Amino acid sequence: MTKALTDRSALEPLLESGWTMMAERDALTKDFKFKNFRQAWAWMSEVALWAEKLDHHPEWSNTYNRVKVVLTTHDCDGLSEMDVALAAHMDAAAN
């Protein structure tokens, strides 16, 4: 079982880069905007490969050039280090 994130200072760089905490659950969310559908899909494909390596999969939805992401770890019913790692990779891949 995955352990819940206890050191919340790890969230500070993510919150500074546009991630927000969800009010209704222990989860991070961010809306990514790309130039067009092709770029959004390419980003999702890259992130999907990384998520598969981590065995940690985002909740996300895509509409044209936008991808809405929610990260949480169901095993621990909240945020974990895997969410922090995946969020950081998503930000890096979007730049």
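Biologist: What does W60 count as by its relative accessibility?

Modeller: This is a predicted model, in which local features need pLDDT of at least 70 and side-chain atom pairs count only at pLDDT 80 or more, while totals for chains, interfaces and linings use all residues. Residues are numbered from 1 along each chain as its sequence is written, and side-chain values use heavy atoms, leaving out hydrogens and water. Relative accessible area under 20% means buried, over 50% exposed and in between partly exposed (1.4 Å probe, protein chains only). At 28% relative accessibility, W60 therefore counts as partly exposed.

Biologist: What kind of aromatic pair do W19 and F32 make?

Modeller: The structure holds six aromatic pairs, where rings of Phe, Tyr and Trp (its six-membered ring) pair if their centres lie within 6.5 Å, and planes under 30 degrees apart count as stacked, over 60 as edge-to-face and the rest as tilted. The rings of W19 and F32 have centres 5.8 Å apart and planes at 75 degrees, so the pair is edge-to-face.

Biologist: And what kind of pair do the rings of W43 and W60 make?

Modeller: Their centres lie 6.1 Å apart. Because their planes stand at 55 degrees, the pair is tilted.
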